[in-house]
Amino acid sequence: MTISDPRAFPPGFLFGAATAAYQIEGATHEDGRTDSIWDAFSRVPGAVINGESGEIACDHYHRYRDDVALMKDLGLQTYRFSTSWSRVQPDGGPINPKGLDFYSRLVDELLDAGIKPWLTLHHWDLPQALEEKGGWANRDTSYLFRDYALNVHDALGDRVDVWTTLNEPWCSSFLSYTAGVHAPGRQSKQAGLAAGHHLLLGHGLAVEALRDRDPRLELGITLNLTVAKPVDPSSPGDMDAARRIDGQFNRFFLDPIFRGAYPDDLLQDVAGLGLTEVIHDGDLAHIAQPIDALGVNYYHGELVSDRPAEHPLLAQAPTGRSTSSPFPAADGVFNHPQGLPLTGMEWEVQPDGLRELLGRVDNEYAGPAGTKIYVTENGAAYDDTVDSDGGVRDVERTEFLRSHLAAILDAIDEGVEVHGYFYWSLLDNFEWAWGYEKRFGLVRVDYESQERIIKDSGLAYAKIIRDRALS
């Protein structure tokens, strides 16, 4: 094969893009919506760069028809979006018909454009009123999430076939309740572990309830996963560092979902931090409900050691708040640069890590369970500029996209059945604690005028979709 030979994607492989409600919708207090934890967190001094919030964001709430037209122009086959709990059930209370009507109109617009709706029920924006009752550290939230899932299904279940319970529960537990980097900004090892377990319980309860409601649904969860490797494989300390990160990043979620148990070494690592106290009889049976689809979110790998790096990479947004490690039992574990190219987030570009990760997930978890694998997020932030002709020549993002699609094809060549890919993100948007500093989109958003410009990476992706091949 020469470099110019096209590499075809399998029949049925879905090409899509992803967004999240709080990052694009705006209209945070319109038509009955009330505060989520991200509305409240964004008001905390120093929590978000420049004190920015999702109050307006991409104004998708009012511009969704234009945005769906952009998706159609790109040739997207599917669109992964999330519903806002605070819009559907403000303050976690009764159903808000106007909030549900927005998502009903969005789904209809997608279907009219020939685009498959891919719904995520929770992308980090818990109602603030529920956080004030303990949030995800409170077991009750798991059951309220199940009820919320059914309420959304009542409105959209006749038109939406694919339902993802949670997006990246590692972020909405450990990054949010232990590190304090994300909303609600708590810094407690015990709260992070409780939140992680209750998120998994909520996932399992929702899967059970939705399956009972409609057995035809394709149900799943999306996990952000990594490839953790030791700096020195001959060093016991480095090997243990890699084991700990793998346990507290990957296996904390994969093992209960696919094996019905937390890993023994993880339980030993976090002994005394309250995890076993929040696990009730029957919880793991709920969590281990069979799922149809596993979403894998991948951005970069980890090279770790028990020794500090001489020149560490930026780990989180440089905000004015002090934060903690997101890992409850990885004190003395340090990330090291691998000497790879960097994105604007100082994340290393490591496409082969995606190939390796997909192989492992398929071999150890999804394959034996008969669960389909999708790459539900993968993307890169770069400092885009608009040229004099109005175009955005984002060469680095285009190469990032192509190299990671090539890594998926490599995994497929090795026998992994990957069923689809969603680029993160369709639009430049509110990037959590980074505010509007970082741009991930295939489409540039001018936040003052709300003008959209398809970047060169978006045009390249559109060609790949048309050709159904990487050339």
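Contact means heavy atoms within 4.5 Å, and helices (H or I, at least four residues) and strands (E, at least two) are DSSP runs, numbered from the N terminus. The structure is a predicted model, in which local features need pLDDT of at least 70, side-chain atom pairs count only at pLDDT 80 or more, and totals for chains, interfaces and linings use all residues. Residues are numbered from 1 along each chain as its sequence is written, and side-chain values use heavy atoms, with hydrogens and water left out.

**Helix pairs around H10**

In helix H9 (residues 189–213), Leu193, Gly196, His197, Leu200 and His203 meet Phe252, Phe253, Pro256 and Ile257 of H10. By class, this contact of H9 with H10 divides into 6 nonpolar, 3 polar and no charged residues, where Ala, Val, Leu, Ile, Met, Phe, Trp, Tyr, Cys and Pro count as nonpolar, Asp, Glu, Lys and Arg as charged, and the others, Gly among them, as polar. An α-helix has 3.6 residues a turn, so residues three or four places apart point the same way.

Helix H10 (residues 236–259) also packs with helix H8 (residues 169–178). Here Pro169, Trp170, Ser173 and Phe174 of H8 meet Gln248, Phe249, Phe252 and Phe253 of H10, and the contact of H8 with H10 has 6 nonpolar, 2 polar and no charged residues.

Axes are lines fitted to C-alpha atoms, for helices over the stretch in contact, and angles run from 0 to 180 degrees between N-to-C directions. A crossing is left-handed if the near helix is turned anticlockwise from the far one by less than a right angle, and right-handed if clockwise.

| Helix pair | Angle between axes | Axis separation | Crossing |
|---|---|---|---|
| H8 and H10 | about 130° | 11 Å apart | right-handed |
| H9 and H10 | roughly 35° | within 11 Å | right-handed |
| H5 and H7 | roughly 50° | within 10 Å | right-handed |

Angles under 35 degrees count as roughly parallel, over 145 as roughly antiparallel, 65 to 115 as roughly perpendicular and the rest as oblique. With H8 and H10 packing at an angle of about 130°, H8 is therefore oblique to H10.

**Helices H5 and H7**

The axes of H5 and helix H7 (residues 140–156) cross at roughly 50°, and H5 and H7 are therefore oblique to each other. Leu100, Tyr103, Ser104 and Val107 of H5 meet Asn151, Val152, Ala155 and Leu156 of H7; by class, the contact of H5 with H7 has 6 nonpolar, 2 polar and no charged residues.

Asp112 lies in this helix H5, which covers residues 97–112. With a relative accessible area of 66%, Asp112 is exposed, given that buried means under 20% relative accessible area, exposed over 50%, and partly exposed in between (1.4 Å probe, protein chains only). Although Asp112 and Val68 are 44 residues apart along the chain, their C-alpha atoms are separated by 9.6 Å.

**Helix H15**

Helix H15 comprises 19 residues (395–413), which at 1.5 Å a residue should span 27 Å, and the distance of 27 Å between its end C-alpha atoms agrees with this; the expected span of a helix is 1.5 Å times one less than its number of residues. The buried residues of H15 include Arg397, Phe400, Leu401, His404 and Ile408. Among the elements against which the buried residues of H15 pack are helix H14 (351–369), strand S11 (372–377), strand S12 (418–424) and helix H16 (456–467). H15 is followed by Gly415, whose phi is positive, near 105°.

**Backbone exceptions in loops**

Most residues other than glycine have a negative phi, and most peptide bonds are trans. A cis peptide bond joins Ala183 and Pro184, with omega about 10°, and Pro184 lies in the loop between H8 and H9. The peptide bond from Trp424 to Ser425 is likewise cis, with omega near 5°, and Ser425 lies in the loop between S12 and strand S13 (443–445).

Trp124, in the loop between strand S4 (116–122) and helix H6 (128–131), has a positive phi near 80° and counts as buried at 7% relative accessibility. Gln450, in the loop between S13 and strand S14 (452–454), has a positive phi near 65° and counts as buried at 6% relative accessibility.
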